[in-house]
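Visitor: I have a model open on my screen and would like to learn how to read it. Could we go through it together, one feature at a time?

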Amino acid sequence: MLNFLFYPLIITLGIEELILVLLKEKRIKVHILAFFMNCCTNISINLIAYALHFESLVLYMVYVIIAEAMVWFLEGMGYFILLRDASKAVKYTLLCNSISLTVGFFVQGLSQIWR
């Protein structure tokens, strides 16, 4: 369970906080919001995926696409509520989540190779 919940969360938090730093976001409220939103969404998505036991890669990919779309929406709304800037909210959620998803797929692929 540690591999399934803790490592993906730590990787996601690191990547998304780094993206916010690279975007020159200095407001601590934004970083705290990102931290808590990612804790909620990342753990939820991974717990559901763990419980579903996908029988095929296609079903897993469909789940990931739907789940990530929901995360983009929810986190985008969180950023918008805090920032009151739709452009910045969209930029933050799309960049942070797209990059962390891509890195997650890469790390997951590597972990399958090294098994």
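Guide: Gladly. Let us begin with cysteines: a disulfide is a pair of cysteine sulfur atoms within 2.5 Å. Keep in mind that this is a predicted model.

Visitor: By this rule, how many disulfides does the count come to?

Guide: The count comes to zero disulfides. Cys-39 is in none, as the nearest cysteine sulfur, that of Cys-40, is 6.8 Å away.

Visitor: Which residues make up the largest nonpolar core?

Guide: A core is read as a set of buried nonpolar residues joined through their side chains. The largest one here has 11 residues, among them Ile-15, Leu-20, Val-30, Met-37, Tyr-79, Tyr-92 and Cys-96. Helices α1 (2-22), α2 (28-52), α3 and α4 (86-113) each supply at least two residues of this core. There is also a second, separate core of six residues, including Ile-45, Val-64, Ala-67 and Val-71.

Visitor: Leaving aside neighbours within four places in sequence, what is Met-37 in contact with?

Guide: Met-37 is in contact with Leu-74, Glu-75, Gly-78 and Tyr-79. Of these, take Leu-74: this residue is found in helix α3 (residues 57-83). Leu-74 counts as partly exposed, because its relative accessibility is 48%.

Visitor: Last one: how many aromatic pairs does the count come to?

Guide: Five aromatic pairs. To read a pair, look at the ring centres and then at the angle between the planes, where over 60 degrees counts as edge-to-face. Phe-54 and Tyr-60 have ring centres 5.5 Å apart and planes at 70°, so they are edge-to-face. Tyr-79 and Tyr-92 have centres 5.6 Å apart and planes at 85°, so this pair is edge-to-face as well. The second pair links distant parts of the chain, with Tyr-79 in helix α3 and Tyr-92 in helix α4.

Visitor: Are Tyr-79 and Tyr-92 buried or exposed?

Guide: Both Tyr-79 and Tyr-92 are buried, whereas Phe-54 is partly exposed at 26% relative accessible area. Phe-54 also forms one aromatic cluster with Tyr-60 and Tyr-63.

Conventions. Residues are numbered from 1 along each chain as its sequence is written. This is a predicted model: local features need pLDDT of at least 70, side-chain atom pairs count only at pLDDT 80 or more; totals for chains, interfaces and linings use all residues. Side-chain values use heavy atoms; hydrogens and water are left out. Helices (H or I, at least four residues) and strands (E, at least two) are DSSP runs, numbered from the N terminus. Buried means under 20% relative accessible area, exposed over 50%, partly exposed in between (1.4 Å probe, protein chains only). A nonpolar core is a set of buried Ala, Val, Leu, Ile, Met, Phe, Trp, Tyr and Cys residues joined through side-chain atoms within 4.5 Å. Contact means heavy atoms within 4.5 Å. Rings of Phe, Tyr and Trp (its six-membered ring) pair if their centres lie within 6.5 Å; planes under 30 degrees apart count as stacked, over 60 as edge-to-face and the rest as tilted.
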